Amino acid sequence: MESVSGVGVLDKGVMILQAVAEAPASLSELMSRTGLPRATVHRLGAALELHGLLRRDGSGRYELGLGLVSLGQAAAERFPLVEVARPVLEDLRATTGESVQLFVREGTQRRCVVSLESPHGLRWIVPQGSVLPLDVGSAGRVLSGEVSKHGWVQSVGEREAGVASVSAPVVAADGSTVAAVSVSGPIERLTRQPGKRFGAAVIAATGRIST
């Protein structure tokens with residue numbers, strides 16, 4: 001886990017949630033992923049399950065609970081950037097015909113807060129809510145402060161083989177980067193120059209979102 005608050009039981013509970021977010025896990029698998037003792041994992045797992053943040057699948061493994069869905073929806077609805085950006089991102093998807101994402105920085109990582117899938121059968125899907133690294137991928141590099149003379153950053157097969165993307169920053173009134181907008185898809189369609197293909201459209205979209 002990247003962040004530690006100093007509130008031990010909370011940090012351990014979040015560690016368990018993050019471990020389950022990677023993939024469903026048995027008690028022993030959670031112990032391995034978190035490094036926590038069996039008794040601690042069992043006790044916190046039961047508490048998180050009671051509150052609807054974890055559940056058990058048909059094999060008895062821990063899985064993310066449905067309570068997180070309503071919390072996530074409430075968080076998204078109260079995040080004003082998402083409300084402002086969504087219609088712009090929908091227009092961008094319609095213009096490009098490709099998958100579109102909105103990322104924000106979260107500590108030393110980035111989180112996808114909006115993900116709109118391409119209508120193509122062959123497409124690149126980034127699950128909404130997923131957390132990805134900052135050091136690879138065009139959006140991560142934008143949020144890390146990378147700049148280019150074009151105003152956009154492109155990536156070809158950098159994080160995932162066969163995938164290309166181009167991203168540009170959403171800039172606040174004080175000049176700070178608050179988010180990154182990305183268009184992503186198979187290299188076959190975006191080519192090895194995704195910036196040349198869709199960079200202008202992405203910059204136009206971020207211009208409509210930036211305040």
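Predicted model: local features only at pLDDT ≥ 70, side-chain atom pairs only at ≥ 80, totals over all residues.
Me: How many residues lie between β6 and β7 in their hairpin, and which residue of the turn has a positive phi?

Reply: Six residues separate the two strands of that hairpin, and Gly157 in the turn has a positive phi of about 60 degrees.

Me: Which strand pairs with β7 over nine bridges?

Reply: That is strand β8 (residues 177-186), which pairs with β7 in the antiparallel sense, with Val171 standing opposite Thr177 in β8. The hairpin of β7 and β8 has five residues between the strands, and Gly175 takes a positive phi near 90 degrees there.

Me: Is β7 mostly covered or mostly exposed?

Reply: In a regular strand the side chains alternate between the two faces of the sheet. Strand β7 (residues 163-171) is mostly covered, with seven of its nine residues buried.

Me: How are two packed helices described, and at what angle do α2 and α3 cross?

Reply: The description rests on the angle between the axes and the distance between them. The axes of helix α2 (residues 27-34) and helix α3 (residues 38-50) come within 9 Å and cross at roughly 110 degrees; angles of 65 to 115 degrees count as roughly perpendicular, and α2 and α3 are therefore roughly perpendicular to each other. Leu27, Leu30, Met31 and Thr34 of α2 make the contact with Arg38, Val41 and His42 of α3, a set that divides into four nonpolar, two polar and one charged.

Terms used: Residues numbered from 1 in each chain as written. Heavy atoms only, no water. Buried < 20%, exposed > 50% of the residue type's maximum accessible area, 1.4 Å probe, protein only. Helix = DSSP H or I, 4+ residues; strand = E, 2+ residues; numbered from the N terminus. Pairing = 2+ DSSP bridges. Axes fitted to C-alpha atoms, helices over the stretch in contact; angles between N-to-C directions. Parallel < 35°, antiparallel > 145°, perpendicular 65-115°, else oblique. Contact = heavy atoms within 4.5 Å. Nonpolar A, V, L, I, M, F, W, Y, C, P; charged D, E, K, R; others polar.
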